[in-house]
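I opened the notebook today to look up a few spots in this model. Here is what I wrote down, in the order I went.

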Amino acid sequence: MKYLIASDLHGSGSCTRLLLERFAAEQADMLVLLGDLLYHGPRNNLPGEYDPKIVSALLNEHKEHIIAVRGNCEAEVDQMMLEFPCMADYTYLWLDNTPIFVTHGHRYNNTHLPPIATPRTILLHGHTHVPANDTFPTHRYMNPGSTTLPKQNSPKSYMLIDGGKVYWKHLEDGTVYMEDVLNKDNNQ
C-alpha cells in the first residue's frame with residue numbers, strides 16, 4: 001500500500017490541484033489528509049487562490065481514496081462540504097507491524113502524547129507547517145510539513161510512504177528532499 005500524506009491545505013485551490021497531480025503521478029493508493037483542509041484560520045496569511053468551495057469539490061472527486069482527520073481550523077460545516085469523513089481527532093494506520101497514530105497535532109503532539117505511545121509508535125501529524133522526522137525515547141514523530149503555508153523556510157511539501165520507505169517531497173515537482181525507513185529499530 002502506498003500512502004501520500006499531506007497537511008494544512010488551508011483552502012488553497014492551486015496547492016490542492018498540485019497535490020492531486022502528485023497523488024496521480026505517485027500512483028498512491030490512499031491520500032491521508034492531516035487536517036486544516038478548507039479554511040486558513042485567523043493566524044495564517046490568506047493562501048494563493050483561496051477558495052474552500054473549489055478545494056472541497058477537488059477533494060470530493062477522490063473521496064474513495066481519502067483518509068482524513070480534523071484540524072484546529074475545521075468546523076462542523078466543513079463536513080457538510082466534504083463527502084468523506086473529516087471530523088475524527090485521530091485514526092490509526094498499521095504498516096509493516098508499525099502502529100501509526102494519525103492526527104492533526106493540535107491535541108496530540110510531542111508534548112501531549114496519545115495514550116498508546118510506545119517506542120515503536122509513529123506519531124504522524126501536521127499543524128506546525130514544518131516537516132519533521134525525529135525519534136524520542138517514547139515514540140517517533142513525523143510531519144509532512146504544509147502544502148500551502150510552510151513555515152521556518154521549509155518547502156511546500158508532502159510525504160510518501162511506499163513499502164518500508166518514507167519520502168518527504170517538494171509539492172511543485174515531487175523531488176525528494178528527505179527520506180528514511182519506516183520500521184527503524186525503536187527499542188522494539
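I started at S154, where a polar atom of the side chain lies 2.7 Å from the backbone oxygen of K151. I call a pair of N or O atoms within 3.5 Å a polar contact; within protein, one must be able to donate a hydrogen and the other to accept it, and residues adjacent in sequence count only if both atoms are side-chain atoms.

This is a predicted model, so I kept local features to pLDDT of at least 70 and side-chain atom pairs to pLDDT 80 or more, while totals for chains, interfaces and linings use all residues. Residues are numbered from 1 along each chain as its sequence is written, and side-chain values use heavy atoms, with hydrogens and water left out.

I placed S154 in the loop between β8 (140-143) and β9 (157-162); strands are DSSP runs of E with at least two residues, helices are runs of H or I with at least four, and both are numbered from the N terminus. S154 counts as buried because its relative accessibility is 15% (buried is under 20% relative accessible area, exposed over 50%, partly exposed in between, with a 1.4 Å probe and protein chains only). Setting aside residues up to four places away in sequence, S154 touches H129, V130 and P131 (contact means heavy atoms within 4.5 Å).

H129 has 2% relative accessibility, so it counts as buried. Which side chains make polar contacts with the side chain of H129? I found D8 at 3.2 Å and H10 at 3.3 Å. Beyond four places in sequence, the contacts of H129 also include N44, G145 and K151.

Next I checked helix α1 (residues 13-26): its end C-alpha atoms are 20 Å apart, which agrees with the 20 Å that 14 residues should span at 1.5 Å a residue (the expected span is 1.5 Å times one less than the number of residues). Among the buried residues of α1 I noted C15, L19, L20 and F23. The buried residues of α1 pack against β1 (2-6), β2 (30-33), α2 (52-60), β9 and β10 (165-170). Just after α1, Q27 takes a positive phi of about 55°.

Last entry: W94 sits in strand β4 (residues 90-95) and counts as exposed because its relative accessibility is 56%.
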